[in-house]
Amino acid sequence: MAHDFSGSIADIVDRDYRTAEVFKKHHINFCCGGQLSLKDSCLQRDIEYEELVDELVLATRTIVVPGNLPLEDWDLNFLIDFVVHIHHAYIFQTIPVLSQEIESFAAGHERKFPGINKLPEAFRRLSSLLLIHNKHEDEIIFPYIRQITDAYRRKEVYGNLFVRTLRKPLNNIQSEHNEIKKLANELKELTNEFNFPEKTCTTYTLLYRKLSAFYDNLMQHSYLETKILFPKAIAIENRLLQT
């Protein structure tokens, strides 16, 4: 896919919000005053143009997971690795940065955009639950699923006793996911489904695009766990209990 870095810095960010992090790193204005071209910005900041282009290409790379992949057939241990290293890693990395940006934007634009002051608290509640929930999965839920999967695969004679003792971690997982989805949808409602008003500054559009990407990632993450990972784990529990 060809990359388009023509026009002003603000135009580049408008086409792909991910470029903003590169410009921020190099202290290049990409908001209302970002009217210089990429080459002129490089000259102004004494930055090698080709090196900056390479950074932008890297920042905007897209790794596509085909929708027709047989996710239901994936090995449970591999599926756990995918959730941990793709979805959980993204959430842990994104929350601190996005939280700061939301707080800063709301504090500086409350008069211009009434209602934006509700956004930080909504995101705080969602991110707080996510951090606890994901940590719980990483440290308790996923190791438990790995253990019962291995016990079932090896046809261990103690498998049913193991499940009877340790199956509690899965009991409340669905209620936690329901609460996360509820808070995520509240965020979506507050932002008018991440549709920013016309003629808003680049910072505003950038924030909403980041929130939209965060929401989409969360929905994919939730689908993998609630529709595939946990039902398969519960099925293994039931099989072990029957042995």
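Predicted model: local features only at pLDDT ≥ 70, side-chain atom pairs only at ≥ 80, totals over all residues.
Residues are numbered from 1 along each chain as its sequence is written, and side-chain values use heavy atoms, with hydrogens and water left out.

Reader: How many helices and how many strands does the chain have?
Author: Helices (H or I, at least four residues) and strands (E, at least two) are DSSP runs, numbered from the N terminus. Read along the sequence, the pattern is α-α-α-α-α-α-α-α-α. The chain therefore has nine helices and zero strands.

Reader: What percentage of the 243 residues of the chain count as buried?
Author: A residue is called buried under 20% relative accessible area, exposed over 50%, and partly exposed in between, with a 1.4 Å probe and protein chains only. Of the 243 residues, the share that counts as buried is 42%.

Reader: Where in H5 does a kink lie?
Author: H5 has 34 residues and reaches 46 Å from its first C-alpha to its last, close to the 50 Å expected at 1.5 Å a residue, where the expected span is 1.5 Å times one less than the number of residues. The bend at a residue is the angle between axes fitted to the seven residues ending there and the seven starting there. A kink of about 35° lies shortly before the proline Pro-96, at Thr-94.

Reader: Which residue has a side-chain oxygen that reaches the backbone nitrogen of Asn-77 at the start of H5?
Author: A polar contact is a pair of N or O atoms within 3.5 Å; within protein, one must be able to donate a hydrogen and the other to accept it, and residues adjacent in sequence count only if both atoms are side-chain atoms. Here the oxygen comes to within 2.9 Å of that nitrogen, and it belongs to Asp-75.

Reader: Are H5 and H9 roughly parallel or roughly antiparallel?
Author: Axes are lines fitted to C-alpha atoms, for helices over the stretch in contact, and angles run from 0 to 180 degrees between N-to-C directions. The axes of H5 and H9 (residues 202-241) come within 10 Å and cross at roughly 150°. Angles under 35 degrees count as roughly parallel, over 145 as roughly antiparallel, 65 to 115 as roughly perpendicular and the rest as oblique, so H5 and H9 are roughly antiparallel.

Reader: Is the crossing of H6 and H8 left-handed or right-handed?
Author: H6 and H8 (residues 173-190) pack at an angle of about 155°, with their axes 10 Å apart, and they are therefore roughly antiparallel to each other. A crossing is left-handed if the near helix is turned anticlockwise from the far one by less than a right angle, and right-handed if clockwise. The crossing of H6 and H8 is left-handed.

Reader: Is Phe-194 buried or exposed?
Author: Phe-194 is found in the loop between H8 and H9, and has a positive phi of about 65° although it is not a glycine. Most residues other than glycine have a negative phi. Because its relative accessible area is 9%, Phe-194 is buried.

Reader: Is Glu-193 buried or exposed?
Author: Glu-193 is also found in the loop between H8 and H9, and has a positive phi of about 60°. Because its relative accessibility is 52%, Glu-193 counts as exposed.
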